[in-house]
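Me: I would like to go through some labels attached to this structure and ask what each one rests on.

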Amino acid sequence: MNSNVLTRGVLTEVPGPRAREVMATGTLDMQSIYRLLVVDDAKSQGSSLVDVDGNVYLDLFSHFALGCLGYNHPRLLAVARSDEFVRGSINPTSSPFCPASSWFDVLEGLKAYAPKGMQRIFCVDAGTEGIENALKAAFIVHGERRRVAAGGPANPLELPAEEQEAILANAGSDAVIVSFSGAFHGRTMGSLSCTHSKTIHKADIPAFRWPIAPFPANRFPLARYADENAAREAEALSALEQILDEYGPRVAGVLVEPVQSEGGDRHASAEFFRGVQALCKKAGCALILDEVQTGGGISGTMWTHEQFGLEHAPNLVVFGKKLQMGGFFATDDYTIRQFGRMYQTRNGDRARAMLALETLRVVEEEGLLAHVREVGAHFLAGLEALAERYPTILSEPRGKGFLLALDLPTTAQRDDFLKRALRRGVFATYTGSRSVRMRPHLILSRDEVDEALGVLDAVAREMAG
């Protein structure tokens, strides 16, 4: 395990003078309005993020869960320094028409980490692209099945000429995807139609008028709110069933996150997800799981849905973030076999795919899934103790592994809490309207958890007066 060796401490204001100087040069970037600090990624190590002013933070942010093995992990550095990685980076050889031989080696390696029941993979560059393409796969299979059921051809090129002309003139399908209130699936056009977490994401952007089911969003602690949570989940499943009945054969799939991360770290029980799958099976539509943020081991299993005891594999599982690239896994019945129906000029970045495979191997070989379960339970217990100690400031600590969060009473108090923690050297982030989100690297140690809890305790005590 790549342990941290740096002494953490914040010596300047944040952002510091050097960071402000650097930021002033980056105005070409439309996203420059979001700058918080500037990372020195040569000096950062393990779970320690070093900025250009020399401040050292315990990183519980990991770049919105992109981080997995910490900064400058030796195994990843070795891959990046290899000749094969260099060739994968500089040569345009990721086209599915004529890939390099090493692409086949990567694909064979990734088989071992595919969700159980998944026989196919489709690789792109990022998680949102994975969502877009998984939706396309669901629509394509659904459309072919509808045509065949109506006595028509599966192949759209066998349709009458006038129908093909109508397709080219944007006479689109009436098929729909069902998503859930509070969901976040990305910022591209199709994924935004399934995103319902914040107005700012969707304002002024046209959307498909697809149906939205309520997400139950369990209250915590679970034992205290057992009856309320059960009632919410029953109501949500009933509402989903009504939607599926209303839209009938138009429903191509149901898209859901195992934990609604951007929406506020909102959870539902394993029983709820089993109920969703049963309704999808009854409706004959795809169950599409968005594991962009929850996959890659952060929940203590490689894929969070492994904890749900599903009757059978979901139809499509989308990945991103920790896997260094995006895409989706599919069961064989959602394989797109017709030439030209699913194509990506760059079929995943070969160099990033090499890092993905090495990352997964390190997770396995270093026992990081068990580590995340054990240390994550310790972290959650510490957050629960803080909530008991400061009930007017902190509430509803929750999580699976290192998917951790807790709430403050208002958005302003949450933001103040994060700023105070950052000044003390602990870098966490926000989610939802008033939640603190923690997404540490999988190598975070028990001692580092205790260090973080000490800082969060001091901040809560300071705010409680």
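Reply: F97, F339 and Y343 make up a nonpolar surface patch, with about 410 Å² of accessible area together. The model is predicted: local features need pLDDT of at least 70, side-chain atom pairs count only at pLDDT 80 or more, and totals for chains, interfaces and linings use all residues. Residues are numbered from 1 along each chain as its sequence is written, and side-chain values use heavy atoms, without hydrogens and water.

Me: Why is Y343 called partly exposed?

Reply: Buried means under 20% relative accessible area and exposed over 50%, with partly exposed in between (1.4 Å probe, protein chains only). Y343 has 36%, so the residue is partly exposed. Y343 lies in the loop between strand 9 (326-330) and helix 12 (350-365).

Me: What makes F122 and F328 a stacked pair?

Reply: Rings of Phe, Tyr and Trp (its six-membered ring) pair if their centres lie within 6.5 Å; planes under 30 degrees apart count as stacked, over 60 as edge-to-face and the rest as tilted. The centres of F122 and F328 are 5.5 Å apart and the planes are at 20°, so the pair is stacked. F122 is in strand 3 (residues 120-124) and F328 in strand 9, 206 residues apart.

Me: How do you know that F122 and F328 are buried?

Reply: Relative accessible area is 12% for F122 and 4% for F328, so both count as buried under the 20% limit.

Me: Why is the pair of W303 and F329 called edge-to-face?

Reply: Their planes are 80° apart, with 5.7 Å centre to centre, so the angle is over the 60 degrees required.

Definitions and conventions. Patch = residues over 30% accessible without salt bridge, like charges linked within 9 Å, V, L, I, M, F, W, Y side chains within 5 Å. Areas by Shrake-Rupley, 256 points an atom, 1.4 Å probe, with all protein chains shown as cover. Salt bridge = Lys/Arg side-chain N within 4 Å of Asp/Glu carboxyl O. Helix = DSSP H or I, 4+ residues; strand = E, 2+ residues; numbered from the N terminus.
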